[in-house]
Amino acid sequence: MTDTQIETRKKCVGCRELIDVEASICPHCGTRQSQVSRNLIRFTALAGALTTILSLATAGVALLPQALSV
């Protein structure tokens, strides 16, 4: 990708296809391009990752006594 493409194109917040930086709606998937949408997607991904990590840690702590008694 050239420097010109980087300046004139961005990834869609919905489908991640490259679109024009001025586009308010993605021509590929129809997702509205806004900072709120972008931040919401990032927050949701982060919340999901943290939930997964906490779930695995909780399961590990719960199973630790059984692992030590073997």
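A residue is called buried when its relative accessible area is under 20%, exposed when it is over 50%, and partly exposed in between, with a 1.4 Å probe and protein chains only. The model is a predicted one, in which local features need pLDDT of at least 70, side-chain atom pairs count only at pLDDT 80 or more, and totals for chains, interfaces and linings use all residues. Residues are numbered from 1 along each chain as its sequence is written, and side-chain values use heavy atoms, with hydrogens and water left out.

**Overall architecture**

- The protein contains two helices and two strands; these are DSSP runs numbered from the N terminus, helices being H or I with at least four residues and strands E with at least two.
- Read from the N terminus, the order of the elements is α-β-β-α.
- Of the 70 residues in the protein, 11% are buried.
- Among contacts with a separation of 6 or more, 8% join residues 24 or more positions apart; a contact means heavy atoms within 4.5 Å.

**Surface**

- The protein has an accessible surface of about 5600 Å², and carbon and sulfur atoms contribute 63% of that surface; areas come from the Shrake-Rupley method with a 1.4 Å probe, and for residues only the protein chains shown count as cover.
- Leu46, Leu50 and Ile53 make a nonpolar surface patch of about 300 Å².
- Patches consist of residues with over 30% relative accessible area and no salt bridge; like charges are joined within 9 Å, and nonpolar side chains (Val, Leu, Ile, Met, Phe, Trp, Tyr) within 5 Å.
- Leu50 belongs to helix H2, residues 35-68, and it counts as partly exposed because its relative accessibility is 46%.

- Thr8 lies in helix H1, residues 3-8, and is classed as partly exposed because its relative accessibility is 36%.
- Beyond residues up to four places away in sequence, Thr8 touches Ile19, Asp20 and Val21.
- Thr8 and Glu22 are 14 residues apart along the chain, and their C-alpha atoms are separated by 8.1 Å.
- Lys10 is part of strand S1, residues 9-11.
- Although buried, Lys10 has no salt bridge, and the nearest side chain of opposite charge, that of Asp20, is 7.8 Å away.
- A salt bridge requires a side-chain nitrogen of Lys or Arg within 4 Å of a carboxyl oxygen of Asp or Glu; Lys and Arg count as positive, Asp and Glu as negative, while His and the chain ends are not counted.
- The side chain of Lys10 reaches the backbone oxygen of Val21 at 3.5 Å.

**Loop residues**

- Arg16 sits in the loop between S1 and strand S2 (18-20), and its phi is near 70 degrees, a positive value in a residue other than glycine.
- Gln33 is located in the loop between S2 and H2 and counts as buried because its relative accessibility is 10%.
- A polar atom of the Gln33 side chain lies 2.8 Å from the backbone oxygen of Thr31.
- Apart from neighbours within four places in sequence, Gln33 has contacts that include Lys10, Cys12, Ile19 and Cys26.

Technical notes: Polar contact = N/O pair within 3.5 Å; in protein donor to acceptor, adjacent residues only side chain to side chain.
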